[in-house]
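Let us take a walk through this structure together.

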Amino acid sequence: MTTFAELGLAEPLLFALSAEGYTTPTPIQAAAIPQLLAGHDVLGIAQTGTGKTAAFALPILHRLTEDKRRAAPGTVRALVLVPTRELAVQVADGFGTYGRNIRYRRAMVFGGVGQGPQVRAMSGGLDVLVATPGRLIDLLDQGHVRLDQVTTLVLDEADRMLDMGFIPAVRKIASKLPVKRQTLLFSATMPKAIADLASFLLREPVRVEVTPVASTVDRIDQKVMFVTRENKRNLLVDVLSHSSVNRAIVFTRTKHGANRVAEQLAKSGVTADAIHGNKSQNARQRALEAFRNGEVRALVATDIAARGIDVDGVTHVVNFELPVEPESYVHRIGRTARAGADGIALSFCDAEEVSYLRQIEKTIRQTVPIEPDHAWHAEPIARMHTSGDRRPGGGAAPRGPAKPQGRTSGKPAGKPAAKPAVPAHARPRGK
Ligand code: AMP
């Protein structure tokens, strides 16, 4: 098995890695680091949780140990573009951790906060700048920074940049960089627009692909729970009340939905907070910190807000609403399987979402096991799924094979006494 030392990394980095408790490189690190140290461009197909941050941060830091020159005022040496503020913080933290034994200057720039400190940080010159594209363009346009000294460009989570409409900004930024540079592009998926961007930005890249969707997904104990829309809240409170749930990320499709669910949880006695793009940077950082230190057990998030959340020890991911894009399902549930950990992913599926579930199962090439052992199980929806029908009760046979049960759509959400309040699936595997 390869070690970090065998990859050729400098000693200050090896010390930092061992202080962090990293013993062996992850597959993306083992594959990408030698290529990057050799100066190649790399196209990395890897999702979050694979160790991709260290895969690009370590070679950049290694360069800084070899070349002691530091960035001139107003210039940048390594530029890392990320789609969200949270990811910027996470990536910059990674540089902080791995580069703790090296003297160099780094900073972050992102929107939603005052520009002053960012401008000051850049005026001194930066060896590593982690930036979201929008704010960086503002600062470039105002002449606060020059990119003509950049030697390495990293694009992280390029597919998310695409989702967020950042590709024109990325191209504009790239046009300010020297042609002679090293470029790295990481993306969990490779839609055509990203493949096009890659061929525009990268020169003869080495393609490094790890963790095909299935292998991360395989480590996660996935369950689907069929439930009517109006019973989802009750089911969520039941699930989160279980003591095995240490840290849960609950996904909703909209910001408004995230707020509502967080409020309802708080009312039911589950400590929860919402995190999404409408919140101020401070409020988001506070919510993340409370989640990290255990004050808040459930973080309710939208897909985009959750991208940069780097919290280890997330025991459960709950899809309160199923995502429309199947890839988002993989991203979401991956939040509970960071750095090789196992986790539990529960998906609430109502009648409207059965078709999303089918798409997800096609994408992950698995059938998600059904968890019927909970108080709010809606059998007609389960049957819609298994029969491939679109309407509750099964459309092929006019009356359906069995009568819909009581706890289905249209019924008030009165809690039946017969079923256990704590669903069996809430227990971690093996306990
Ligand atoms: P990333 O995919 O970069 O978001 O990393 C996922 C998580 O894996 C982070 O929490 C890292 O701290 C952790 N990690 C990265 N590389 C290693 C490694 N070689 N050994 C153990 N943990 C790692």
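Buried here means under 20% relative accessible area, with a 1.4 Å probe and protein chains only. Helices (H or I, at least four residues) and strands (E, at least two) are DSSP runs, numbered from the N terminus. This is a predicted model, where local features need pLDDT of at least 70 and side-chain atom pairs count only at pLDDT 80 or more, while totals for chains, interfaces and linings use all residues. Residues are numbered from 1 along each chain as its sequence is written, and side-chain values use heavy atoms, leaving out hydrogens and water.

The buried residues of H11 are Lys232, Leu235, Leu236, Val237, Asp238, Val239 and Leu240. Among the elements that cover them are strand S8 (220-226), helix H12 (255-267) and strand S13 (343-349). Lys232 also lies over the face of Phe320, at 5.8 Å from the ring centre. For such a placement, NZ of Lys or CZ of Arg must be within 6 Å of the ring centre and within 35 degrees of the ring normal. Arg171 lies over the face of Phe200 in this way, at 4.5 Å.

Now to rings that meet rings: they pair if the centres of Phe, Tyr or Trp rings (for Trp, the six-membered one) lie within 6.5 Å; planes under 30 degrees apart count as stacked, over 60 as edge-to-face and the rest as tilted. The count comes to 4 aromatic pairs. Phe56 and Phe95 are a tilted pair because their ring centres are 6.4 Å apart and their planes are at 45°. Phe56 lies in helix H3 (residues 52-66) and Phe95 in helix H4 (residues 85-98), so the pair ties together parts that are 39 residues apart in sequence.

Conventions. Buried < 20%, exposed > 50% of the residue type's maximum accessible area, 1.4 Å probe, protein only. Contact = heavy atoms within 4.5 Å.
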